[in-house]
Number of protein chains: 4
Amino acid sequence: MNSVVDPPDPAPPNPDYAAATARLFAAQPVMAFLGAELGVVAPGRVTLELPYRPELCQQDGFLHAGVVTALLDNACGGAAFTLMPVGSSVLAVEFKVNLLAPAAGEAFVARAEVRRAGRTLSVCQAELFAQRGSEEKLVALMQATMMAVAR
Amino acid sequence: MNSVVDPPDPAPPNPDYAAATARLFAAQPVMAFLGAELGVVAPGRVTLELPYRPELCQQDGFLHAGVVTALLDNACGGAAFTLMPVGSSVLAVEFKVNLLAPAAGEAFVARAEVRRAGRTLSVCQAELFAQRGSEEKLVALMQATMMAVAR
Amino acid sequence: MNSVVDPPDPAPPNPDYAAATARLFAAQPVMAFLGAELGVVAPGRVTLELPYRPELCQQDGFLHAGVVTALLDNACGGAAFTLMPVGSSVLAVEFKVNLLAPAAGEAFVARAEVRRAGRTLSVCQAELFAQRGSEEKLVALMQATMMAVAR
Amino acid sequence: MNSVVDPPDPAPPNPDYAAATARLFAAQPVMAFLGAELGVVAPGRVTLELPYRPELCQQDGFLHAGVVTALLDNACGGAAFTLMPVGSSVLAVEFKVNLLAPAAGEAFVARAEVRRAGRTLSVCQAELFAQRGSEEKLVALMQATMMAVAR
């Protein structure tokens, strides 16, 4: 459905957006603590990756919903951040997560995109996939609002 | 507003609900990994506590929204679980979080309560407070659906 | 749970907040179209009322979720508006609704309160009750973000 | 983003799904009251259309968020219903709406698709577009849970 409506990638106001997003990601201790890594960074799109670790799981060995959320939220925040002016920071205002299937896999990838980039508020959607070999399965969806904050 | 409508604590169908909830909590490796501890366990109500740790933070030294969510989600799951029959497990179906203020403090407490306990689906609300000495400040709200799963 | 944390009613920056809220409500054609009426207006709190009408229902004779949302959303918007400066208007940014029970009754009342009043963004919660004689039953919950817009 | 992950249309368990969805829609008085019409009905996908009417608007002449929600919710419910077994009915469990832009236009169309079709719970996403001549603009997003109920 989205392919019909997705606009072409907008020109990001910060020409250095990719390096700025990498710095933002590196500045968040929790990402290293969880073992997450930044993947794709493009205007309005960011992916994050996380290998399976048993200490991040709930009682059935599935990735805990809080960790699922940390990945989706940071992917959305990064996606919104790529379209923000130089000197911005980004904060989450709110998000909603639907858990579609157990987050069971060898690795996980969160893919986020901006659906509306505003001066202050941006609305993003993200999907989390569980990977096993070359297969991947959709396990969670996020719909989120991110806010640009002047540094 | 809630005081008008909160029902008296329902009689939990599992008379051993408190010990069962403690076992459920202990069975989740991510809770120890984050450093969270189970607090109050009552019919339809659970609290979780977490001391501040810099490795759980985002770029400004505030508790990351994913960790905020992990606490709120587990408190809601626990609250719903206290009212489930013997032999149940609990899974999150979906949740929504509004972040009201930076999660900055010496410790954090999530307080959840069941607003509707159904046979399969329960709806819960939770609040996260940041504590500094004897003061506490509301920093996040969750509205969530939890599902009972027969073991 | 809320009774512990609810602050005393804040002093509204617009001393004429009650009349302004009534004008805002009257300016929305959809409220008359649905048959909704403004109830309580207090700083940070608004209620709306709606008598049962079969044309507002879904296939089982319950109030349709869109109408449930219209009431909850307008109650939240009104509650946020009571705490906004003179010359503001209010727009919904986002909301989430959990439907707890069929919205079956002779009349419905939505009660909203502000949980965080910010300069631009306010976070509100609301509850919808179905009434039959002197009894009322909780049927839906909303958690919403409202935005102040300068006129 | 979705084009990568959208599965081929699943075979609906109810071969008469299109007529059943039309009957479900016709059985909801609120749809006629609002003036909404059923558009596309395909396995896992439904669209609804609504011409502009001033009585459905808020104070600025934009479609009210409750009406926006009624369209998105019914499109999601219909999309989920197309994949349900013969003899089912559908109820909304919860939904979240982000309002991206004022709902200003000559007509509106809600497009919903199922992202996960479960035996009991289905998760759907929907988009609302405002149309003016041959142009359309994305104005709202929904992420929702629908439940199959045996008649």
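Q: What share of the interface residues of chain A are also interface residues in chain B?
A: This is a predicted model, in which local features need pLDDT of at least 70 and side-chain atom pairs count only at pLDDT 80 or more, while totals for chains, interfaces and linings use all residues; side-chain values use heavy atoms, with hydrogens and water left out. Residues are numbered from 1 along each chain as its sequence is written, and chains are lettered from A and ligands numbered from 1 in the order in which they are written. Contact means heavy atoms within 4.5 Å. Chains A and B meet through the same surface, because the share of interface residues of chain A that are also interface residues in chain B is 100%.

Q: As by what axis are the two copies related?
A: Copies are superposed by least squares on the C-alpha atoms of residues with pLDDT of at least 70 in both. Chain A can then be laid on chain B with an RMSD of 0.0 Å, using a turn of 180° and a shift of 0.0 Å along the axis. The two copies are thus related as by a two-fold rotation axis.

Q: Which residue of chain A comes closest to the rotation axis?
A: Let us look at the C-alpha atoms of chain A. At 2.1 Å from the rotation axis, the residue of chain A that comes closest is A:K96.

Q: What share of the contact residues of chain C recur in chain D?
A: Chain C can be laid on chain D by a turn of 180° and a shift of 0.0 Å along the axis, with an RMSD of 0.0 Å. The same surface serves both copies, and the share of contact residues of chain C that recur in chain D is 100%.

Q: In what order do the elements of chain A run from the N terminus on?
A: Helices (H or I, at least four residues) and strands (E, at least two) are DSSP runs, numbered from the N terminus. Chain A has 4 helices and 6 strands. From the N terminus on, their order is α-α-α-β-β-α-β-β-β-β.

Q: What radius of gyration does chain A have?
A: The radius of gyration is taken over C-alpha atoms, and the globule rule is 2.2 Å times the number of residues to the power 0.38. The C-alpha trace of chain A spans about 45 × 35 × 25 Å along its principal axes. For 151 residues, a compact globule would come near 15 Å, which agrees with the radius of gyration of chain A, 15 Å.

Q: How much of chain A do buried residues make up?
A: Buried means under 20% relative accessible area, exposed over 50%, and partly exposed in between (1.4 Å probe, protein chains only). Of the 151 residues in chain A, the buried ones make up 60%.

Q: Is C:G78 buried or exposed?
A: C:G78 belongs to helix α4 (residues 65-81) of chain C. Setting aside residues up to four places away in sequence, C:G78 touches C:T21 and C:V46. Its relative accessible area is 6%, so C:G78 counts as buried.

Q: How far apart in space are C:A130 and C:T120, C-alpha to C-alpha?
A: C:A130 sits in strand β5 (residues 121-132) of chain C and is buried, with a relative accessible area of 5%. Not counting residues up to four places away in sequence, C:A130 touches several residues, including C:A104, C:F108 and C:K137. C:T120 is 10 residues from C:A130 in sequence, and their separation in space is 32 Å.

Q: What does D:K137 count as, given its relative accessibility?
A: D:K137 lies in strand β6 (residues 135-150) of chain D. Leaving aside neighbours within four places in sequence, D:K137 is in contact with D:A101, D:L128, D:F129 and D:A130. With 49% relative accessibility, D:K137 counts as partly exposed.

Q: What separates the C-alpha atoms of B:R119 and B:A148?
A: B:R119 has its place in the loop between β4 (107-117) and β5 (121-132) of chain B. B:R119 is exposed, with a relative accessible area of 83%. B:A148 is 29 residues from B:R119 along the chain, and their C-alpha atoms are separated by 7.4 Å.
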